[in-house]
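Let's take a friendly look at the pockets and charged pairs of a protein model. Here it is.

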Amino acid sequence: MLLYKIEDFNPNYREAAFNGEDIKGLDIYAGNTDEKIGSIDTALVDETGRFRYFVVDTGFWIFGKKVLVPVALCRVDVGAERIYATGLKSKDQAERLPRYEDGMVVDYDYEEQVRGVYRTLTVEGSAPVEASLPLEASAPVSMPRPVSNQASAAGYDRNTYTYEQEPQLYQMNEREHHKFRLYEERLVAEKSRHKAGEVAIGKRVETDTARISIPTEKERVVIESVTPGKAGAPVNRDTPFKQEKVMRMEVYEETADVKKEAFVREEVNIRKEVETEIVEATETLRREELDVKREGR
């Protein structure tokens with residue numbers, strides 16, 4: 001049966017299998033110790049989508065080597081966000097595992113090399129990984145007991161072998177892994193901007209009747225006839241009577257010349273100001289609490 005990287009089998013695997021979370025990049029530790037041996041590079045699934053192996057990048061533990069660990073030989077610690085390779089307990093064991101290369105075809109012969117290393121253990125209780133990681137801690141792996149080539153003894157071959165024949169390596173024990181998500185509601189305030197109105201600003205022309213008073217001047221000629229002091233006195237007989245030249249005087253007057261001119265009366269500045277208001281809302285929120293009922297001891 002061919003195996004596929006989980007991201008190749010289902011590009012949306014995070015949502016489909018892990019509720020939006022990811023196993024790639026999680027630290028992995030040897031056995032049940034605090035000895036870090038690397039991190040999860042990816043997971044391999046079969047044609048039905050069942051998890052079969054974790055691909056472990058051993059990092060500096062065994063520099064530059066990637067190996068496969070059957071899923072039943074791993075335990076996930078949700079709180080610590082780490083995985084314990086309960087079936088991979090020593091560097092010597094990891095060095096005996098065949099190297100996994102990106103892009104390689106994992107066939108029956110390669111898997112037999114992997115299984116041959118892990119078949120030196122008889123696993124009484126496995127800690128398989130549920131399809132909806134992260135998982136709770138499961139039962140530890142029992143102490144190893146050397147056995148002969150289990151595949152040969154049981155009559156396995158490339159035509160008859162199935163993963164169900166070795167549940168200690170591949171069986172997913174769902175009883176050991178249950179997950180409850182407790183939800184609560186929270187008020188989330190969002191603001192939306194919408195048009196509340198519009199202000200149109202323009203100019204219009206109004207008319208008024210204006211009155212203006214302008215003093216004007218006019219000239220006039222005043223002719224006065226007076227009696228001289230020597231009136232009635234004789235004059236010289238030699239005084240000729242002749243035609244006198246006419247005297248001319250120019251007379252001026254002012255007229256009112258009224259016209260209109262435009263002047264700046266005032267300026268108007270237009271701007272917008274932002275006012276802040278506090279809007280209060282009250283809602284009834286729900287929260288889930290875990291209800292545990294115990295029976296017996």
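In the second largest pocket, the lining comprises four nonpolar, two polar and seven charged residues. Nearest the centre of this pocket, among its 13 lining residues, are Lys 203, Arg 204, Val 205, Arg 265 and Glu 266. The model is predicted, so local features need pLDDT of at least 70 and side-chain atom pairs pLDDT 80 or more, while totals for chains, interfaces and linings use all residues. Residues are numbered from 1 along each chain as its sequence is written, and side-chain values use heavy atoms, without hydrogens and water.

A pocket here is an open set of points on a 1 Å grid where a 1.4 Å probe fits, with protein on both sides within 12 Å along at least five of seven lines; lining residues have an atom within 4 Å of a point.

| Pocket | Volume |
|---|---|
| Largest pocket | about 980 Å³ |
| Second largest pocket | about 520 Å³ |

The largest pocket has seven nonpolar, four polar and ten charged residues in its lining.

Turning to charged pairs, the structure holds 22 salt bridges (a side-chain nitrogen of Lys or Arg within 4 Å of a carboxyl oxygen of Asp or Glu). Glu 111 and Arg 115 form one of these, with their closest N and O atoms 3.3 Å apart. They sit four residues apart in helix α4 (residues 108-118), so about one helical turn separates them; a helix is a DSSP run of H or I, at least four residues. Both Glu 111 and Arg 115 are buried, meaning under 20% relative accessible area (1.4 Å probe, protein chains only).

Conventions
Points joined across faces, edges and corners; volume = space filled by probe spheres on them. Nonpolar A, V, L, I, M, F, W, Y, C, P; charged D, E, K, R; others polar. Helix = DSSP H or I, 4+ residues; strand = E, 2+ residues; numbered from the N terminus. Buried < 20%, exposed > 50% of the residue type's maximum accessible area, 1.4 Å probe, protein only.
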